Amino acid sequence: MKDKNLYNYILGIADNSLILGQRLGELCGHGPNLETDIALTNISLDLFGQTRSYYQYAAKIAGNDKTEDDVAFLRIEREYRNVLLVEQPNTHFGYVIARQFLFDTFHLLLMEKLQNSGDEHLAAIAKKGIKEVSYHHRFSGDWIKRLGDGTDESHEKIQEAIDGLWRYTDELFHVTEDDALVIEAGIGVNVSQLKEEYYKQVSEILTEATLTVPENKYFAKGGKEGVHTEQMGYILAELQYMQRTYPNMNW
Amino acid sequence: MSEKEVKNLEAIFETRIARDEKIEPKDWMPEKYRQTHIRQISQHAHSEVVGMLPEGNWITRAPSLRRKVALLAKVQDEGGHGLYLYSAAETLGISREEMYEQLHTGKAKYSSIFNYPAITWADIGAIGWLVDGAAIINQVALCNTSFGPYARAMVRICKEESFHQRQGYEILLTLCNGTPEQKAMAQDALNRWWWPSLMMFGPRDAESPHTEQSMKWKLKRKTNDELRQQFIDQTVPQAEILGITIPDPDLKWNDTLKKYDFGEIDWDEFWQVVKGHGPCNKERMNARVSAWENGAWVRDAAMAYAEKQEKKKVAKAS
């Protein structure tokens, strides 16, 4: 492959959308009410739509007649580059919202920068994605406030979820070796520079929601290097089931 | 209101129905008309929402990204149909909570077809082709129904359903043009979904308790047996194009009557599933009830938050 770094860089962004879309897809038909069910499905749809644009581009870079589905379904776990945050389970609605909010805030900052990428494909995908992601961000931010400043029970549950997922936030700002080269080429976004703004925005909303901003000293990492949590194998087992059971067929 | 006045209103109402005028929520209507519509529209809404489950089950396992996105969109459409049908029923003076309550306690029914399991990818194709196909035949007939909100919801729903049906058929067409394994998967799905799809039109006319009144009110425009026949006549040639066989040895073209003769439906199975003993009745109800119960704290939080915001607004204004 002539541009392995760029390929990996794209996966580093796209795999987040794939795995989070997959997690949200699990919830379809099981939401707390019909409106929320539809909204979460909608976010899942947006994320898969973005995933397809990235993978189609990645497949082109990879050459050898690779398709978006090869990229999506036919890698081993160690080759998926999503952050650990997005693979965390739908423990309850509080976790779904906390995971979404902690990701959306990052995602929006990333898209805002990526739309100025020197790579016109990536810039175009980001430009199109910004509208969607700002909607996701508003949706999850609003729910953080509703749950945080709703009832005692909801306050407790959303705080528990924020506390539980907080340790996965730091990884969002790690720069891998591949990333560094793509950033240097004026294509990639240096996510380490988004960190301060991210925690500022997140803290503002959490505070408005009457929630406590966690003060962790220890953070989890590994997703970007393909070292995932134990959750990931089960996600891939479902995701890849058809492609692995019936290889080389058209669907 | 005196008996005479009621009689008078009834007469006006019957004339309007006869003239094919739409009845709107604020119009006077006989109590039985109202109840029948609540029953049917809520049952229809429940079917959409329960119907999300067998297909939703395949979202995480869809075989390609394109199929995954299409399936998600389809299941989302069904949620949307549920929403506008619940809204149409609400215009008749019942709340969504009451309707859920009726669903969860088994007082309200939903289409029995969703008590069958979706166990292979081909089932997603078969559900689109046959189940949505049968639903469209039922629903096209309802686009002219006398109750305005229901008729208007139906027009919109039918458009989306026919898209779903084509999508389902296309899934099967791809399988039938694929490997022998894929074609066998399609045949197996047809074998399992054919008869339950025919049952979707309900009992035979002679055994359908609501048909006569519903025809009179133009809530129904054709009988169960007429609609079932229409479905069979339309579907058999589509199966031929796919190159798979409908699992009915008695199915054959009747050249005199210009329609297909078909074999006997297993009515014992039909009633067994209607009465709650189908393959997935319990699973479907558990899924709905758990979603509702697990979501209670979320709905409570949203209410509490809205009240707090409202109070803040009032405090600011004063």
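A residue is counted as buried when its relative accessible area is under 20%. In this predicted model, Thr120(B) has a relative accessible area of 19% and is therefore classed as buried. Thr120(B) is located in the loop that connects α4 (96-104) to α5 (121-140) of chain B. A polar atom of the Thr120(B) side chain lies 3.2 Å from the backbone nitrogen of Ala122(B). When neighbours within four places in sequence are set aside, the residues in contact with Thr120(B) are Trp58(B), Met185(B), Asp188(B) and Arg192(B).

The cysteines were examined next. Across all chains, a search of the whole structure returns 0 disulfides. Cys280(B), accordingly, is in no disulfide, and the nearest cysteine sulfur, that of Cys28(A), is 17 Å away. With a relative accessibility of 8%, Cys280(B) falls under the 20% limit and so counts as buried. Cys176(B) is likewise buried, its relative accessible area being 9%.

Two or more lining residues are supplied by each of α5 (93-114) of chain A and α11 (281-294) of chain B. The largest share, 3 residues, comes from α11(B). By residue class, the lining of this pocket consists of 7 nonpolar and 8 polar residues, with no charged residues.

Key. Residues are numbered from 1 along each chain as its sequence is written. Chains are lettered from A and ligands numbered from 1 in the order in which they are written. This is a predicted model: local features need pLDDT of at least 70, side-chain atom pairs count only at pLDDT 80 or more; totals for chains, interfaces and linings use all residues. Side-chain values use heavy atoms; hydrogens and water are left out. A disulfide is a pair of cysteine sulfur atoms within 2.5 Å. Buried means under 20% relative accessible area, exposed over 50%, partly exposed in between (1.4 Å probe, protein chains only). Helices (H or I, at least four residues) and strands (E, at least two) are DSSP runs, numbered from the N terminus. Ala, Val, Leu, Ile, Met, Phe, Trp, Tyr, Cys and Pro count as nonpolar, Asp, Glu, Lys and Arg as charged, and the others, Gly among them, as polar. A polar contact is a pair of N or O atoms within 3.5 Å; within protein, one must be able to donate a hydrogen and the other to accept it, and residues adjacent in sequence count only if both atoms are side-chain atoms. Contact means heavy atoms within 4.5 Å.
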